[in-house]
Amino acid sequence: MRRAILAAIAGSALLTGAACDSDAKADPEAAAPTRTAATAAPSASAAPDYSTSTKLVCDKLQTLYSIELRSFGTAMGKMVTYKENKRTADAEKAETSAAGQLKAAATKIRKETATAQDPDFQAAGKVSASKLESSATDRRYFDRVKSLTDLNKTVQAQFNEWLTPVAGYCG
């Protein structure tokens, strides 16, 4: 339903923009388009049903939560513990492990959503994967987390940022 509303809004915005084009020249031949098979009658076909494909992809992504993101959480917990105990080398190893889990999650999301029939779901997968890869590479999130309190305060919002594009299809 949400997509239908967005499509209606986008369609009306496009129509409004086209109707208000002040540079348009009045061309009597352009005003009377010819009827073709495409314009002769409204289409009776409904939008494609991607629900079965979407469910299959979402089912495959469920392991993401139990494997890659759980491993990410474990590595982050170790990283924080090492930071708090001033064990810098171990903290860096744990951070590298956590970044690896983010990359693994991104790879899984990209791979699984690429098999979806819904092109919007495929695009959402690319967005989520890119966000995860970016965080794994730039490491700013890791730098902000210095204690378990920091981790607990930020992890949910960070997961939402990374996964919201895909979660909208797997909710």
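Let us start with a pair of charged side chains: Asp59 forms a salt bridge with Lys55, their closest N and O atoms being 3.1 Å apart. A salt bridge here is a side-chain nitrogen of Lys or Arg within 4 Å of a carboxyl oxygen of Asp or Glu. Both partners, Asp59 and Lys55, sit in helix α4, four residues apart, or about one turn of the helix. Helices (H or I, at least four residues) and strands (E, at least two) are DSSP runs, numbered from the N terminus. An α-helix has 3.6 residues a turn, so residues three or four places apart point the same way. Asp59 is partly exposed, with a relative accessible area of 41%, while Lys55 is exposed at 52%. In these terms, buried means under 20% relative accessible area, exposed means over 50%, and partly exposed lies in between (1.4 Å probe, protein chains only).

A word on what you are looking at: this is a predicted model, in which local features need pLDDT of at least 70 and side-chain atom pairs count only at pLDDT 80 or more, while totals for chains, interfaces and linings use all residues. Residues are numbered from 1 along each chain as its sequence is written, and side-chain values use heavy atoms, with hydrogens and water left out.

Staying with α4, look next at Cys58. A disulfide (a pair of cysteine sulfur atoms within 2.5 Å) joins Cys58 to Cys170, with an S to S distance of 1.9 Å. Cys58 lies in helix α4 (residues 51-66) and Cys170 in helix α9 (residues 148-170), so the bond ties together parts that are 112 residues apart in sequence. The torsion about the S-S bond of Cys58 and Cys170 is about -85°, so this disulfide is left-handed. Cys58 counts as buried at 8% relative accessibility, whereas Cys170 is partly exposed at 23%.

At 38% relative accessibility, Tyr65 counts as partly exposed. Leaving aside residues up to four places away in sequence, Tyr65 touches Arg70 and Leu163, where contact means heavy atoms within 4.5 Å. The C-alpha atoms of Tyr65 and Ala105 are separated by 8.9 Å, although the two residues are 40 apart along the chain.

Now turn to helix α7 (residues 119-138). At 1.5 Å a residue, its 20 residues should span 28 Å, and the end C-alpha atoms are 28 Å apart, which agrees; the expected span is 1.5 Å times one less than the number of residues. Which residues of α7 are buried? They are Phe121, Ala124, Gly125, Ser128, Ala129, Leu132, Ser135 and Ala136. Seen down the axis of α7, these buried residues fall within an arc of 130°, so they line one face of the helix; the arc is that of the directions from the helix axis to the C-beta atoms. The buried residues of α7 pack against α4, α6 (88-114), α8 (140-144) and α9. On the face turned away from that buried side, α7 carries the exposed residues Lys126 and Thr137.

The two ends of α7 also deserve a look. At the N-terminal end, Asp118 caps the helix: a side-chain oxygen lies 2.8 Å from the backbone nitrogen of Asp120. This is a polar contact, meaning a pair of N or O atoms within 3.5 Å; within protein, one must be able to donate a hydrogen and the other to accept it, and residues adjacent in sequence count only if both atoms are side-chain atoms. After the other end, α7 is followed by Arg139, whose phi is positive, near 60°. Most residues other than glycine have a negative phi, and most peptide bonds are trans. Arg139 lies in the loop between α7 and α8 and is partly exposed, with a relative accessible area of 22%.

Lys86 also has a positive phi, near 60°. You will find Lys86 in the loop between α5 (68-84) and α6, exposed at 71% relative accessibility.

To finish, back to the charged pairs, where the count comes to six salt bridges. Among them is Asp90 with Arg87, whose side chains meet at 2.7 Å, N to O. Asp90 is partly exposed at 22%, and Arg87 is partly exposed at 42%. Another joins Asp138 to Arg140, with the closest N and O atoms 2.9 Å apart. Here Asp138 is partly exposed at 31%, while Arg140 is exposed at 57%.
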